[in-house]
Amino acid sequence: MRIKVFLFLVCVAVGLGASAQVVTPKASDIVILYDNDVHCAVDGYAKMAALRDDMKRHSPYVSVVSNGDFLSGSSLGAFSKGEYIVRIMNVVGYDYITLGNHEFDYRIPQLLHLDSMLTAHTLCCNFHSTATHAPVFDDYVIKQYGDRRVAFVGVTTPATVSSSSPIYFMDTLGAMAYTFCADSVFGVVQRRVDAARRSGADYVVALSHLGDDEDAYTSLEMIASTTGIDVVLDGHSHSTIEHWRLPNRNGDTVLLTSTGTAFANIGMLLIPNEGRISTRLISVATLTDIDAAVADTIASIRAEYDAIGQQPVGKCKATLPARNSLGHRIPRMQECAIGDFCAEAFRAVMNTDIGWVNGGAFRTDIKKGPLVFNDIYAVFPFDNRVVVASVTGQDILDALEAASATAPIPNGRFAQVAGLRYSIDTTVATPVVFDSSEVLVEINGPRRVSGVMVFNRQSKRFEPIAPHGRYTIATTDYVLNLMGAGFSFPSKKLILSSLMSDAQLVAHYISHNLNGVIKKNASKLAGNITFK
């Protein structure tokens with residue numbers, strides 16, 4: 001409560017991220033340009049590079065850093081599994097980056113490959129190998145700027161394990177091979193800060209992907225729990241924070257800032273030779289200069305993937321929205337038209353009893369009008385593979401219970417389904433127990449989900465599910481094999497591991513099953529899920 005009250009007063013005093021004008025640094029100023037949560041909004045990179053060059057005309061002490069979540073977020077990132085983004089960032093000339101949770105979307109071997117391509121120095125103090133108990137990447141670095149030394153310490157949210165898939169971080173025997181130090185993350189940060197200070201750092205800047213809006217592991221808690229950090233450049237929550245000044249464990253002031261998302265702003269940290277450290281946010285829309293080399297690289301990359309991405313899929317006669325008027329992701333909280341449509345695509349193309357798509361998979365609308373492949377890829381940008389399995393009715397019942405555990409509060413595990421009908425009683429406290437990685441452990445107590453019916457393809461009727469019966473389900477490897485969103489199907493018998501991605505399946509459904517036309521009635525709900 002102490003932190004929340006203080007933040008309210010600070011926010012009232014300084015405002016939330018009003019974009020500032022570019023200032024001209026003095027020759028002795030250290031200038032750190034920063035971004036966070038770009039999520040493949042690549043056009044901003046040409047302006048970042050131009051701004052960096054402009055700053056270097058006034059001061060030799062200029063660096064560019066990123067606070068994570070740059071590799072995924074659109075088809076441009078997913079199509080190349082992050083390589084296009086790395087190519088662009090290398091031309092910009094980033095100096096240091098930390099890892100966001102979405103840097104792990106393409107799995108650790110690909111992340112290590114991308115890191116080998118990246119010219120920037122990757123920093124993350126709390127991502128450790130459980131075998132060696134050592135950081136996988138460098139935990140901090142000290143940069144000399146004239147006669148001053150600045151330490152950059154990287155830290156990534158421990159929630160990464162549950163927001164991606166726990167299996168990504170396991171060895172072949174199912175034991176955790178990596179850890180984000182969830183039980184000691186701020187202690188880990190403190191030890192790195194202390195080490196940097198002992199090594200002669202005059203200033204410590206945290207490159208943070210923690211965010212400010214979750215109950216655990218926030219940048220606010222890190223500041224309150226540590227000493228020795230001067231500035232936190234934050235990411236993860238997509239917050240727009242020009243400058244909050246917060247007390248650390250000793251009551252000393254720490255500057256916190258975050259640029260928002262999708263290159264809405266570029267952050268500018270000024271460390272003067274004399275005077276107070278400051279941060280400001282510069283609206284990218286107000287910047288007119290672009291770097292020609294970066295712009296040419298982006299244009300070249302777009303030409304590479306447009307040949308496939310611009311292939312026609314069909315047309316849609318009514319928008320199937322993924323967000324409501326408040327900006328909330330509808331597939332995470334209730335049945336919706338885009339969920340019904342895509343789950344039915346899984347069921348129909350793979351010829352199964354059930355189609356299942358987790359609500360967190362949906363990223364944007366299927367828009368009214370002509371559709372190309374990139375429009376579908378934008379809906380499903382994570383390149384999850386389609387799989388088919390036989391599972392018991394009991395596994396379906398348990399998975400539905402896990403999917404509905406927080407409903408109607410938004411959660412990525414909420415199920416969008418086809419071939420199933422059921423009710424959720426939100427007055428019943430959730431009986432589902434998850435472990436620390438949010439993987440389903442057990443179900444105790446009265447169930448929230450009832451009246452589960454499965455469509456019988458022979459009789460063409462919905463019939464009560466048989467707990468001991470077996471049903472075929474089409475979903476993604478993320479849900480079925482990787483324990484993504486916490487699901488577990490103990491009885492599964494794998495029938496098909498498809499080479500088709502979720503986006504490819506939906507595109508195929510539109511072009512082949514629907515003869516290229518999504519009819520207007522697709523915007524109406526199928527009536528698969530009801531709330532009591």
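Entry 1: I looked up S129 to begin. S129 counts as buried because its relative accessibility is 15%; buried means under 20% relative accessible area, exposed over 50%, and partly exposed in between, with a 1.4 Å probe and protein chains only. I note that this is a predicted model, where local features need pLDDT of at least 70 and side-chain atom pairs pLDDT 80 or more, while totals for chains, interfaces and linings use all residues. Residues are numbered from 1 along each chain as its sequence is written, and side-chain values use heavy atoms, with hydrogens and water left out.

S129 sits in strand 5, residues 128-129. Helices (H or I, at least four residues) and strands (E, at least two) are DSSP runs, numbered from the N terminus. Which residues does S129 touch, leaving out those up to four places away in sequence? I find A134, V136, A177 and Y178. Contact here means heavy atoms within 4.5 Å. The S129 side chain also reaches the backbone nitrogen of A131 at 3.2 Å. I count a polar contact as a pair of N or O atoms within 3.5 Å; within protein, one must be able to donate a hydrogen and the other to accept it, and residues adjacent in sequence count only if both atoms are side-chain atoms.

**Entry 2: an arginine.** I moved to R385, in strand 18 (residues 385-392). Is R385 buried or partly exposed? R385 is partly exposed, because its relative accessible area is 25%. Its side chain joins that of D383 through a polar contact of 2.7 Å. I also checked R385 against E274: they are 111 residues apart in sequence and 55 Å apart in space, C-alpha to C-alpha.

Entry 3: I searched the loops next. C40 is not a glycine, yet has a positive phi of about 70°. C40 lies in the loop between strand 1 (30-35) and helix 2. At 7% relative accessibility, C40 is buried. H236, also not a glycine, has a positive phi of about 100°. I located H236 in the loop between strand 10 (231-233) and strand 11 (240-247). H236 counts as buried at 16% relative accessibility.

The peptide bond from A407 to P408 is cis, with omega near 5°. P408 is in the loop between helix 12 (393-403) and strand 19 (415-418).

**Entry 4: helix 9.** Helix 9 runs over residues 292-309 and has 18 residues. From first C-alpha to last it reaches 25 Å, close to the expected 26 Å. The expected span is 1.5 Å times one less than the number of residues. I found a bend of about 25° at A303, taken as the angle between axes fitted to the seven residues ending there and the seven starting there. At the start of helix 9, a side-chain oxygen of D291 comes within 3.1 Å of the backbone nitrogen of A293.

The buried residues of helix 9 include V294, I298 and Y305. What covers the buried residues of helix 9? Among the cover are helix 2 (43-56), helix 4 (83-92) and helix 11 (373-379).

Entry 5: Helix 10 has 14 residues. I count 11 of these 14 as buried, so this helix is mostly covered, given the cut-off for burial. Among the buried ones are F341, F346 and M350. Just after helix 10, N351 takes a positive phi of about 55°.

The largest nonpolar core has 123 residues. A nonpolar core is a set of buried Ala, Val, Leu, Ile, Met, Phe, Trp, Tyr and Cys residues joined through side-chain atoms within 4.5 Å. Helix 10 gives the most to this core, with eight residues. A second, separate core has 25 residues, including V153 and L210.

**Entry 6: cysteines.** How many disulfides are in the whole structure? I found zero; a disulfide is a pair of cysteine sulfur atoms within 2.5 Å. The closest cysteine sulfur to that of C125 is in C124, 6.4 Å away, too far for a bond. C125 is buried, at 0% relative accessible area. For C181 the closest cysteine sulfur is in C125, at 7.6 Å, again too far for a bond. C181 is buried at 7% relative accessibility.
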